[in-house]
Amino acid sequence: MRLINMSLLFGTLLGYASAAYAVPQCTVWAELQSKADTNIISMKSPSKSQFDLQGRLIYRPLLVEEKSHWLGFELYQAQAKLNKTVSTSNEYAVPFAVKINNNSGEVLDYRFNAKLKLADQQKLIALYRAFHRAKHPENLQGDKYWVKERDDIGQYKSLYTVLADNKLKRNKLSYIEPTDTRQSANAAKKLMQLETANIISDEFTFENDKCWLTKTLGNSHIQVSSSDGNMNIEVLQTLSLNRSNQSIPDDARLLQLPEDPNQWKNLSTDWVYPKAPPQPLKNTEAFITALKSMDWLEGDRKALLQFLYDNDQYLQSLKELISTKAIADPLESKLFMYLGKHDSVNSKQLLTEVFVEQGLFSPNQRFRSLMALKYSEKPLTDRQVETIFEYSMSYGLDEENSKLAHSALMVMGAIAKNQQGSEFSSQLTQKLADSLSSSATDKKASALITALGNSGDYDHQQLIGDYLAGDSPRLRLNAAEALAKMPSKTSLNYLSNQLNQETDSKTQGAILKAMGNNDLEAKQVDSIYAFADASNPKDIRSAAISALSQQAKSKPEVKSRLKALVKTETNQKNLRQLMKALYGS
């Protein structure tokens, strides 16, 4: 089994939860060691594997807010091995933060210092779960309490026993909720169709001081089966954590990060997932010949991307090939897509040149180059950004080129969203905001407002909010749609203030939908409900129903109001909206 799959199993077994309380100026670290032996029977064929993880786990209290606080972690000098082979990726070494509810001790959110694959996010979440102890009930009688918790397999019941000398013992007892793979987004269950789990034994003991844990020892023995019976997995795990009194090294990344995890700038993806050196073909001619012979429509995705990676130095030679239309559709369309997903400096340089050189390339090719750039998860060079902006912000373009220029600005917003949290993303959105402030036409401003919305950068809500209260109906619509992608108290305030004084029906509908993306108070729900009244136009009613449907997901009382609307709504489309909100698709 590959390392990623083993780590997901490891994550399941690390779900030993419990509540830690942040003490300021209490940054510590401890030696972590974990070993998991796995026996697998798949289609009656047995196999064994061993997964080892070790490193020095750094704990740092971070931002304290009114209702929550953040805790920071970093597994310094992390080393993961599968069958004694060291992993080449660094996902375990990425700092991450956990947001905790001050009252309940429950986990509210996570923040990672790099753009990680979903499976790798789960690895770090599992690492935290190993040491998050569930908060004991108020007025605890005796030394025991039972808690319902959840991991990647399902919900289970835990027994906590309070021991002497600041010790706490946790026993995972049994799973109490069957796994439903149809509703689960968990990668491990989807991959292996995990169905049932049997806890043979599971016991962890925690010791702590006023700062955090000083020592943890634990072992677990769990069996998991697939729903079709073709796979059985047995995992035996041991884990230990021992506080170190040595000084934490100055080069630990967690120590250099701001207290607010939302201000963290992401580490380079190339550092997290380093690649082996490329193996290029001998020359450009060999590259072109090989490229023409490959199946870009239905070929293996990894093989095609590896081909571009190995031959990245030859990508500029594709410029002539594309300009002469030597590659026909639909192959050309797929090639553009793969160039975008390859996401190298050279591929983005080629795509940038295809976009701006209108004399060499058709409008269709130039649009495809923009769509390919949307895949960028690594920064564009300063030259590439300036080239795209110089063209896109120019005036006097004909209608076709003007549309392409505006599309390019919107793509810049999407690229910033892809890399949200990075310094590059912040610089790019600031450039969009500066361009918006100096834009001379509504068309240009419209594209830039949409671009900022695409970026999801909350730092520019005020600028967008100013346009929501402006004179242009078109720009007010764009602003409402942009703020819909930035749900927050700030954006909700702009939307609420504009709702009742808005005179344009399209903008009013966009405001209603945007408000629905927020957690609304009862008074705000009431104001939206008023727009669902039969006396309003059907499109306004539809927008109000959409907003109320969003609220019904977290506020059951809203469903009764949706049911009342079923009795008065006459438009078939709106009725379908109501029925879907009430009873699903």
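Biologist: Where does Pro330 sit?

Modeller: Pro330 is in the loop between helix H8 (318-323) and helix H9 (331-342). Helices (H or I, at least four residues) and strands (E, at least two) are DSSP runs, numbered from the N terminus. Residues are numbered from 1 along each chain as its sequence is written, and side-chain values use heavy atoms, with hydrogens and water left out. This is a predicted model, where local features need pLDDT of at least 70 and side-chain atom pairs count only at pLDDT 80 or more, while totals for chains, interfaces and linings use all residues.

Biologist: And is the bond from Asp329 to Pro330 cis or trans?

Modeller: The peptide bond from Asp329 to Pro330 is cis, with omega near 0°. Most peptide bonds are trans.

Biologist: What about Gln77, is its phi positive or negative?

Modeller: Positive: phi of Gln77 is near 55°, and this is a residue other than glycine. Gln77 lies in strand E3 (residues 68-82). Most residues other than glycine have a negative phi.

Biologist: Switching to helices. At what angle do H10 and H12 pack?

Modeller: H10 (residues 345-356) and H12 (residues 382-392) pack at about 15°, and their axes are 10 Å apart. Axes are lines fitted to C-alpha atoms, for helices over the stretch in contact, and angles run from 0 to 180 degrees between N-to-C directions. That angle makes H10 roughly parallel to H12 (under 35 degrees; over 145 is roughly antiparallel, 65 to 115 roughly perpendicular and the rest oblique).

Biologist: Which residues of H10 and H12 meet?

Modeller: On the H10 side there are Val345, Lys348, Gln349, Thr352, Glu353, Phe355 and Val356, and they meet Arg383, Gln384, Thr387, Ile388, Tyr391 and Ser392 in H12. Contact here means heavy atoms within 4.5 Å. By class, that contact has five nonpolar, five polar and three charged residues (Ala, Val, Leu, Ile, Met, Phe, Trp, Tyr, Cys and Pro count as nonpolar, Asp, Glu, Lys and Arg as charged, and the others, Gly among them, as polar).

Biologist: What about H12 and H14, at what angle do they cross?

Modeller: Roughly 20°, with the axes of H12 and H14 coming within 12 Å. That makes H12 roughly parallel to H14. Val385, Glu386 and Phe389 in H12 meet Phe424, Leu428, Lys431, Leu432 and Ser435 in H14. The contact of H12 with H14 divides into five nonpolar residues, one polar and two charged.

Biologist: And H17 with H19, how do their axes cross?

Modeller: The axes of H17 (residues 473-483) and H19 (residues 505-516) come within 8 Å and cross at roughly 10°. So H17 is roughly parallel to H19. Pro473, Arg476, Leu477, Ala480 and Glu481 of H17 make the contact with Lys506, Thr507, Ala510, Ile511 and Ala514 of H19. By class, the contact of H17 with H19 has six nonpolar, one polar and three charged residues.

Biologist: Which residues line the largest cavity?

Modeller: Ala532, Asp533, Ala534, Arg541, Ile545, Leu565, Thr568 and Glu569 line the largest cavity, which holds about 40 Å³ of space. H21 (538-552) and H22 (557-568) each supply at least two residues of that lining.

Biologist: And how many residues line the second largest pocket?

Modeller: 32 residues, of which Arg111, Asn262, Gln420, Gly421 and Tyr458 lie nearest its centre. About 1,100 Å³ of space lies in the second largest pocket. E6 gives the most to its lining, with four residues.

Technical notes:
1 Å grid on protein atoms, 1.4 Å probe; cavity = no way out; pocket = protein on both sides within 12 Å on 5 of 7 lines; lining within 4 Å. Points joined across faces, edges and corners; volume = space filled by probe spheres on them.
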